[in-house]
Amino acid sequence: MISGQKENNGATLLYEQVALEISGLIEQGTFRAGDRVPSIRQLSHRFDVSINTVMQAYAQLEDQRLIEARPQSGYYVRSRVPEIREPVPQPRASIVPATVTISDLCQQVMRNMTKSELLPLGRVIPSPENLPIDKLNRIMASELRRCGEQAVLYHMPPGYAKLRVQIAKRAIMAGISASPDEVLITSGCVEAVLLALRATCRAGDTIAVESPFYFNFLQMIAELGLKALEIPSTPQEGISIEALRYAIEQNKISACLVISNFGNPLGSLMPEGRKRELVELLSRHEIPLIEDDIYGDLVFGNERPGTAKSFDTKGLVIYCSSFSKTIAPGYRVGWAIAGRFQPEMERLKMMMNISTASPTQIAMAEFLATGGYDHHLRTIRRIHARNLSQMADAIVRYFPSGTRMTRPAGGFILWVEMPFGTDAIQLYHRALECGISIVPGPLFSLTNKYGNHIRLSAARWDEKIEHGVKTLGELAHELLPQ
Ligand SMILES: Cc1ncc(COP(=O)(O)O)c(C=O)c1O
């Protein structure tokens, strides 16, 4: 029987008593951050209660954010990292469009991300050892032999038919019913978003984006002569629908661009209800939504999150994604499911670069059909969940107190907020001198925000990376305002 059952004040139900017992053990330090707690079966046996009771208890502990489930692996004690939860404060008056200025720093940061001599703490692609390189190479070689001329000819937009079939099949898991003809193959997700922006906006138009937001898209918006309207976003809810509603009342907005699942950099996951509200709000005003779902397959739980596209009844949502975060960034295989904008995006794609390279489309189609993508996904999800947890713990250990960070439920990005006044750009430069690349927060906004934030990647975790985090922490201590 459960120890101390009588004294468990307030916990009347059996599952509450089980939950109290385990939370007590966590409190006392018997189980520490990162430890696996007993399996449901073990606990049911040990406490002589039903499996259901233990499952309810674990659900309660998950709600209390004391433990977390890891796919295929069991339940683990969550690390007690100071979490960023509340919205980034943004006075209403500041919701005005800003003209983007292209920063040299952006280019420098992007170049540094790929330099092999730098520790890649800023690079948000999976670590090569976690990519199915051998399998892809084998598939590519045999497909090229098998396909003959098909591999060297153009596959005009919408792209290689077998690949579109595979993508349409998988789209169901994201709540999207699409025929292969509704899928447009692009050269990565970035091209899908670029085509979507060109199909929906003209120079001088205003586009609503999340804040903080992936800096490459901010650059792209600038290149197209668009204005960006930054709408606050939170890790828990994604873009603020309330602020967006207000912004729509005050401005003429031509499109809205969001990263709906495990966004970059916040790792935000928009709850399904918020995705629905977003689509309803925008479609009432006939505003197209460009949805980037590049991280959606990287959820830590078993169930892949849905998409805003799944609530689209008017063909107003342009869904964009790619295999860059899961299979092969260098293959440059992405796609769009673009609703009413599909014909225009196909036309633009043909005009800009005729077609996406054929060999990688062919190999990707075969990998999706036979390469064990789901198995691969389960493996990398598990690795990323563990890496993020270890990196968060290391940040707590090495960074100045008062540092907070996000706790994403998928992907591998951490957004770290250092004590107010710590200069992230100085930290970026000092880190480079120590052989470490990171991405400083100010790149994720056009309006001088996030000066004390950095984006880190937990795609890899080993001694070198831990040492890198330690060095960053020491530098952050040195940069603390006096
Ligand atoms: C949100 C988001 N979209 C798109 C991309 C790039 O996608 P791709 O390499 O498929 O063009 C990235 C890469 O960091 C990203 O974070």
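**Helix packing, domains and ligand shell in a predicted model**

The axes of helix 6 (residues 161-171) and helix 12 (residues 358-370) come within 8 Å of each other and cross at roughly 40 degrees. Helix 6 is therefore oblique to helix 12, given that angles under 35 degrees count as roughly parallel, over 145 as roughly antiparallel, 65 to 115 as roughly perpendicular and the rest as oblique. Axes are lines fitted to C-alpha atoms, for helices over the stretch in contact, and angles run from 0 to 180 degrees between N-to-C directions. Helices (H or I, at least four residues) and strands (E, at least two) are DSSP runs numbered from the N terminus. The structure is a predicted model, in which local features need pLDDT of at least 70 and side-chain atom pairs count only at pLDDT 80 or more, while totals for chains, interfaces and linings use all residues. Residues are numbered from 1 along each chain as its sequence is written.

The crossing of helix 6 and helix 12 is left-handed; a crossing is left-handed if the near helix is turned anticlockwise from the far one by less than a right angle, and right-handed if clockwise. From helix 6, K162, L163 and Q166 meet Q361, M364, A365, L368 and A369 of helix 12, where contact requires that the C-beta atoms of two residues, placed from the backbone, lie within 7 Å. By class, this contact has five nonpolar, two polar and one charged residues (Ala, Val, Leu, Ile, Met, Phe, Trp, Tyr, Cys and Pro count as nonpolar, Asp, Glu, Lys and Arg as charged, and the others, Gly among them, as polar).

Helix 15 (residues 463-478) packs with helix 14 (residues 424-433) at an angle of about 135 degrees, the axes being 10 Å apart. The two helices are therefore oblique to each other, and helix 14 passes helix 15 in a right-handed crossing. L427, R430 and A431 of helix 14 make the contact with L472, L475 and A476 of helix 15. Five of these residues are nonpolar, none is polar and one is charged. Helix 15 also packs with helix 13 (residues 373-398): their axes come within 9 Å and cross at roughly 35 degrees, again in a right-handed crossing. Here M391, A394, I395 and Y398 of helix 13 meet E466, V469, K470 and G473 of helix 15, a contact with five nonpolar, one polar and two charged residues.

The chain is divided into domain 1 (14-77), domain 2 (101-128 + 375-478) and domain 3 (132-373), with bounds from an automatic or database domain assignment. The C-alpha centres of domain 1 and domain 2 lie 31 Å apart, and six residues of domain 1 are in contact with six residues of domain 2. On the domain 1 side, the touching residues divide into two nonpolar, three polar and one charged.

The ligand is surrounded by 13 residues, of which G188, C189, V190, S322 and S324 are the closest; a residue is near a molecule or strand if its C-beta atom, placed from the backbone, lies within 6 Å of it. Helix 7 (residues 188-200) supplies three residues, the largest share of this shell. Seven residues of the shell are nonpolar, five are polar and one is charged.

Backbone geometry was also examined. A cis peptide bond joins S211 and P212, with omega about 0 degrees, and P212 lies in the loop between strand 6 (206-211) and helix 8 (215-223). Another cis peptide bond, with omega about 20 degrees, joins N264 and P265; P265 is placed in the loop between strand 9 (255-259) and helix 10 (272-284). R332, although not a glycine, has a positive phi of about 55 degrees and lies in the loop between strand 11 (317-322) and strand 12 (334-337).
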